[in-house]
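Subject: Structure handover

Hello,

Here is the structure you asked about. Please open it first, and then read the notes below it.

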Amino acid sequence: MVRSLKSAVSRGTSHLSRRGYATEPVPERKVAVLGAAGGIGQPLSLLMKLNPLVSSLSLYDIAGTPGVAADVSHINTRSEVVGYQGEAELGKALEGADVVVIPAGVPRKPGMTRDDLFNINAGIVKTLATAISKYCPNALVNMISNPVNSTVPIAAEVFKKAGTYDERRLFGVTTLDVVRAKTFYAGKAKVPVAEVNVPVVGGHAGITILPLFSQATPKANLDDDQIKALTKRTQDGGTEVVEAKAGKGSATLSMAYAGALFADACLKGLNGVPDVVECSFVQSTVTELPFFASKVRLGKNGVEEVLGLGPLSDFEKQGLESLKAELKASIEKGIQFANK
């Protein structure tokens, strides 16, 4: 990823100089990571420090951030790093941010119900979204905190109440579903993973995750049973990691990688790079649901265009209908929480 980012930047600057300009610097961009001292936040902070499109990296958490910031700041890359700790410093962490990435919250622990997880993380997201609406209302917000199917609607409601909501600037990060689908498909299809593309639509939990393997490239002759197994493995990817870690953690490293990929795509869009397309959970009219993950074209204002689903196989059509009730309930749960 880092090599590709560096080559992209050098391609961009050499292109400018060929047009007869003095070499133009890459635009100044501030990225804030909220939850930077956590299991996802620390590797995500490292990966954002490696991104040459970032000029200012702001790391925030309720505790532990000065150490993470000091550690990451020693890396010899472009961005200046500042750590902020505690709610009193949240405003300073956010001021002037172009992109805000939110991995804050708690992972699901043994004995914790989904409702327990929801109530803790929903409260955290509501607090952070309120601060974003005050200190950087024009930032692109990348929501990683689970359950994304509910936390994105919570943030939308908070922004609406504050009068700052812009549907183009709020994203649920579903990139890990895409990363998993690509990896699993490449392994089964025996094709180089770097060449693989698989759109993943719907939501970001269990059966709401719908990988569209019928649209995967390069094409491979996989039978129905293989496609079903790949779909289930993509949907259960998080559980696979939780079980492998034997209750001592969840998918933090792969999630940090996916979060860094999506933040990079947002930065490229802001900087005017053409044809940046990623899957994301956004406000949408692709289905009757108010939020839905599908391919999105990114640009200088965030979402430039929400793309349609394209042709679906019968298995995918069935999956699409099956996921709607659960996704609708999760969205409504978020909206109700934000408004209570």
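Is Asn146 buried, partly exposed or exposed? Asn146 is partly exposed, with a relative accessible area of 35%; buried means under 20% relative accessible area, exposed over 50%, and partly exposed in between, using a 1.4 Å probe and protein chains only.

Two notes on how to read the rest. This is a predicted model, in which local features need pLDDT of at least 70 and side-chain atom pairs count only at pLDDT 80 or more, while totals for chains, interfaces and linings use all residues. Residues are numbered from 1 along each chain as its sequence is written, and side-chain values use heavy atoms, with hydrogens and water left out.

Annotated residues

Asn146 sits in the loop between β5 and α6 (helices are DSSP runs of H or I with at least four residues, strands are runs of E with at least two, and both are numbered from the N terminus). The UniProt annotation "binding site", from an unreviewed entry, covers Asn146 together with Arg108, Arg114 and Arg180. UniProt positions are given in the numbering used here, feature names are shortened, and annotations may be inferred rather than shown by experiment. Leaving aside neighbours within four places in sequence, Asn146 is in contact (heavy atoms within 4.5 Å) with Asn121, Thr151 and His204.

His204 is itself listed by UniProt, under "active site" in an unreviewed entry. The loop between β7 and β8 holds His204, which counts as buried at 11% relative accessibility. Not counting residues up to four places away in sequence, His204 touches Asn146, Val148, Asn149, Val173, Thr174, Asp177 and Ile209.

Backbone exceptions

Most residues other than glycine have a negative phi, and most peptide bonds are trans. A cis peptide bond joins Asn146 to Pro147, with omega at about -5 degrees. Pro147 lies in the loop between β5 (140-143) and α6 (148-162). Another cis peptide bond joins Thr217 and Pro218, where omega is about -10 degrees; Pro218 is in the loop between β8 (209-211) and α8 (224-235).

Lys190 is not a glycine, yet has a positive phi of about 60 degrees. Its place is the loop between α7 (175-189) and β7 (200-202), and Lys190 is exposed, with a relative accessible area of 71%. Ala246, also not a glycine, has a positive phi of about 50 degrees. Ala246 is in the loop between α9 (237-244) and α10 (253-270) and is exposed at a relative accessible area of 56%.

Cysteines

How many disulfides are there? The count is zero, where a disulfide is a pair of cysteine sulfur atoms within 2.5 Å. For Cys266, the nearest cysteine sulfur is that of Cys279, 13 Å away. Cys266 is buried at 1% relative accessibility, and Cys279 is buried with a relative accessible area of 5%.

Cavity

The structure holds one cavity of 30 Å³ or more. On a 1 Å grid over the protein atoms alone, a cavity is a set of points where a 1.4 Å probe fits but cannot get out, and lining residues have an atom within 4 Å of a point. The largest cavity has a volume of about 70 Å³, volume being the space filled by probe spheres set on the points. Its lining includes Ile132, Phe159, Tyr165, Asp166 and Arg169.

Regards

Note on methods. 1 Å grid on protein atoms, 1.4 Å probe; cavity = no way out; pocket = protein on both sides within 12 Å on 5 of 7 lines; lining within 4 Å.
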